[in-house]
Amino acid sequence: MPDVSIRHRLDRFTLDVEFSLANHWTVIFGPSGAGKSTLLRMLAGLTNPDFGRIHLAGRTVCDSAQSFAVAPGRRSVGFVTQQPALFPHLTVRENVAFGILHFSRTARAHRIAEMLRLFGAASLVDRRPAQLSGGERQRVALARALAPGPQLLLLDEPLAALDDSSAHDILSRLLALDLRVVYVSHDLTEIWRLPAHVVLLENGRVKATGPPHQVLAEHRDRLLQLLGI
Amino acid sequence: MDFQALALTLRLAAVTTLILLAVGIPLAFWISSTRSPLRPWIEAAATLPILLPPTVLGFYLLVLLGPRTVFGRAAAHLLGHPLTFSFAGLVVGSVIYSLPFAVQPLTAGFHAVDAALLDQGRLLGAGRFRLLREILLPLSLRSVVAAAALCFTHTVGEFGVVLMIGGDIPGATRTLSIAIYDQVQDFSYAQANRTSLLLLAFALAALVLLYSRGARDRASHA
């Protein structure tokens, strides 16, 4: 049975997908408006599908047949989007601490330092989001998402607005983690380099799945046309 | 100047404002976050006092709080005296009459908070109360201050509802606006003028403070 089996009516089409997640990285790839972000929001539990079932990290988190949906905060997922959505009234330390208030004070301080170090943001701990650059905000957002120790990290084009150097650095740090990741992108060159299982999405349907070189090569002409290249 | 009426008016405004914030914040949070089909009805009911003539609202409250209804009898039993023509009755009437002045700015303030921040809060395990306390309220502080200022000022100046429910009992239900009415009835225009000027200056000062704070906030966010 696939991990994700969803049918959901959108404005222009119906999102109707079935696929399984890879053990390391799964890339949801497709042109803008293909339903990628909606799909990710459903995995996170921020939107519930009209019909379907979602199985994440060994357990069912949503099953419309049983009117069952686990709340976002109980799915053990981290979610980072292109706009990092840091809490503007809190410092970097307080942002990262937000999801781990149940830790002891010592464990929390240790975890915050560890996460910020992991993404090269240890020196930013007392700053507020307004005092950070785009790349720094994204590093803090990733540290915040990973601080509670999620079993799955959902990334919705988190590097799209960053310069190449920041994007490459953050991507390298992410790839070094032993973590299941679902990564949404419409950047062909970025996907080509990733050691990932690719799910090609178009108009709400899965058109192909497999390794990047296989999926991208087989659909090269169609993809270039869709991406306007 | 009727200082007894002034003290009563300030006490009524303070108590009403505190109750309205305690009631208005959860109500505005519910309105801004629910998908319930009841939302438009509740929102309309919370806005209705703006459109109703104060005498209409006052009349229905007089009937509701009086000894002819179960609510009125129960309240009288609990308090040891009828709600009508008492300070407690004035508070009930003022809370209902000024409810829109709390709920409207609070709802607008909560709506203005980026939904992505609330999504992140939920993903990081925050329940509704924590979302309200740690994200929505700090980020809509200006709306909370505006709601409090509007409720206080509006209560200080109310007349029709207060007169219908409370009458004109010195020290118990006579507020400044009723004192002005009495002074005019007695042809004490000079006294009425002084009391009116006080209310006018108070309302103007509250609004100037509110708008200057808004301008500062906009400048700091620019």
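## Conventions

Helices (H or I, at least four residues) and strands (E, at least two) are DSSP runs, numbered from the N terminus.

The model is predicted: local features need pLDDT of at least 70 and side-chain atom pairs count only at pLDDT 80 or more, while totals for chains, interfaces and linings use all residues. Residues are numbered from 1 along each chain as its sequence is written, and chains are lettered from A and ligands numbered from 1 in the order in which they are written.

## Chain B overall

Chain B contains eleven helices and zero strands, which gives the pattern α-α-α-α-α-α-α-α-α-α-α along the sequence. Its C-alpha trace spans about 65 × 45 × 25 Å along the principal axes. Of the 222 residues in chain B, 37% are buried; a residue is buried if 20 or more other C-beta atoms lie within 10 Å of its own, exposed if 12 or fewer, and partly exposed in between, with C-beta atoms placed from the backbone.

## Helix H5 of chain B

H5(B) covers residues 87–112. Its 26 residues reach 37 Å from the first C-alpha to the last, close to the 38 Å expected at 1.5 Å a residue (the expected span is 1.5 Å times one less than the number of residues). H5(B) has a kink of about 50° at Ser98(B), shortly before the proline Pro100(B); the bend at a residue is the angle between axes fitted to the seven residues ending there and the seven starting there. Burial extends to 20 of the 26 residues, and H5(B) is mostly covered.

A crossing is left-handed if the near helix is turned anticlockwise from the far one by less than a right angle, and right-handed if clockwise.

The crossing of H5(B) and H8(B) is right-handed.

## Helix H10 of chain B

H10(B) spans residues 176–185, and its buried residues are Leu176(B), Ile178(B), Ala179(B) and Ile180(B). After H10(B) comes Phe187(B), with a positive phi near 60°.

All five residues of S7(A), residues 77–81, are buried, so the strand is largely enclosed by the rest of the structure. In a regular strand the side chains alternate between the two faces of the sheet. Both faces of S7(A) are covered, with Val77(A), Phe79(A) and Thr81(A) buried on one side and Gly78(A) and Val80(A) buried on the other. S7(A) pairs with S8(A), residues 152–156, in the parallel sense over five bridges (two strands pair if DSSP finds at least two bridges between them). Val80(A) has Leu155(A) as its bridge partner in S8(A).

Ser76(A) lies in the loop between S6(A) and S7(A) and has a positive phi near 60°, in a residue other than glycine. Ser76(A) counts as partly exposed because it has 16 C-beta neighbours inside 10 Å. In the loop between S8(A) and H5(A), Glu157(A) has a positive phi near 45°. Glu157(A) has 20 C-beta neighbours inside 10 Å and so counts as buried.

S10(A), residues 197–202, and S11(A), residues 205–210, run antiparallel and are joined by five bridges. Arg205(A) in S11(A) is the bridge partner of Glu202(A). The hairpin has two residues between its strands, and Asn203(A) takes a positive phi near 50°.

Leu116(A) is placed in H3(A), residues 105–118. Leu116(A) counts as buried because it has 23 C-beta neighbours inside 10 Å. The C-alpha atoms of Leu116(A) and Asp11(A) are separated by 39 Å, with the two residues 105 apart along the chain.
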